[in-house]
Amino acid sequence: MDLSTIRKKLQKKDKSHYSAPEELVTDVRLMFWNCAKFNYMIPQCGSTEWLSILLQPDSEVAEAGRCLDEFFEDKLKEIYPDRHFPSMQQDDSDSEDVE
């Protein structure tokens with residue numbers, strides 16, 4: 001998931017446009033998850049817990065992604081204070097496997 005795909009899906013003329021805020025939130029969270037997955041140093045012990053990844057920044061891209069993720073989540077709470085959006089499941093992330 002990337003910003004250009006999200007932008008495209010925000011357009012009503014696109015056949016796969018978002019029909020609910022949950023869909024947008026899911027895609028944005030997926031984008032941030034992928035940013036962390038591919039730009040943070042994962043511990044060698046085999047743990048791929050979200051917090052383990054967040055604690056080990058590996059690049060400026062990773063740090064920028066973390067900051068934007070925090071900003072997004074803060075704004076989401078501000079815009080929808082009484083609404084709960086389900087957390088993204090780890091297995092929902094884009095795969096790095098190439099076929």
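Predicted model: local features only at pLDDT ≥ 70, side-chain atom pairs only at ≥ 80, totals over all residues.

Colleague: Which residues in α2 are buried?

Modeller: Quite a list: Val25, Asp27, Val28, Arg29, Leu30, Met31, Phe32, Trp33, Asn34, Cys35 and Ala36.

Colleague: How far is Lys37 from Ala62 in space?

Modeller: 8.9 Å, C-alpha to C-alpha, although 25 residues separate Lys37 and Ala62 in sequence.

Colleague: What about Asp2 and Asn34, how far apart are they?

Modeller: Those two are 32 residues apart in sequence and 9.0 Å apart in space, again C-alpha to C-alpha. Asp2 sits in the segment before α1, and with a relative accessible area of 35% Asp2 is partly exposed. Asn34 is one of the buried residues of α2.

Colleague: Let's zoom out. How many helices and strands does the protein have?

Modeller: Four helices and zero strands. Going along the sequence, you read α-α-α-α.

Colleague: And how much of the protein is buried?

Modeller: Of its 99 residues, 27% are buried.

Colleague: New topic: aromatic rings. How many pairs are there?

Modeller: Two aromatic pairs. One of them is Phe32 with Phe72: the ring centres are 6.3 Å apart and the planes sit at 50°, so that pair is tilted.

Colleague: Why give both a distance and an angle?

Modeller: Because a pair of aromatic rings is described by the distance of the centres and the angle of the planes.

Colleague: Okay. Which helices do Phe32 and Phe72 lie in?

Modeller: Phe32 is in α2 and Phe72 is in α4, so the pair ties together parts that are 40 residues apart in sequence. Phe32 is buried, at 10% relative accessibility. Phe72 is buried as well, with a relative accessible area of 18%.

Colleague: What's the story with Tyr80 and Phe85?

Modeller: Tyr80 and Phe85 make an edge-to-face pair, with 5.4 Å from centre to centre and 70° between the planes. Phe85 is buried, with a relative accessible area of 6%, whereas Tyr80 is partly exposed at 28%.

Colleague: What sits over the ring of Tyr80?

Modeller: The charged end of Arg83, 5.1 Å from the ring centre.

Colleague: Now pockets. How much space lies in the second largest pocket?

Modeller: About 230 Å³. Its lining has 14 residues, and those nearest the centre are Leu24, Val25, Val28, Phe72 and Leu76.

Colleague: Last one: what classes of residue line the second largest pocket?

Modeller: There are 13 nonpolar residues, one charged residue and no polar ones.

Note on methods
Residues numbered from 1 in each chain as written. Heavy atoms only, no water. 1 Å grid on protein atoms, 1.4 Å probe; cavity = no way out; pocket = protein on both sides within 12 Å on 5 of 7 lines; lining within 4 Å. Points joined across faces, edges and corners; volume = space filled by probe spheres on them. Nonpolar A, V, L, I, M, F, W, Y, C, P; charged D, E, K, R; others polar. Phe/Tyr/Trp six-rings, centres within 6.5 Å; stacked < 30°, edge-to-face > 60°. Helix = DSSP H or I, 4+ residues; strand = E, 2+ residues; numbered from the N terminus. Buried < 20%, exposed > 50% of the residue type's maximum accessible area, 1.4 Å probe, protein only. Lys NZ or Arg CZ within 6 Å of the ring centre and 35° of its normal.
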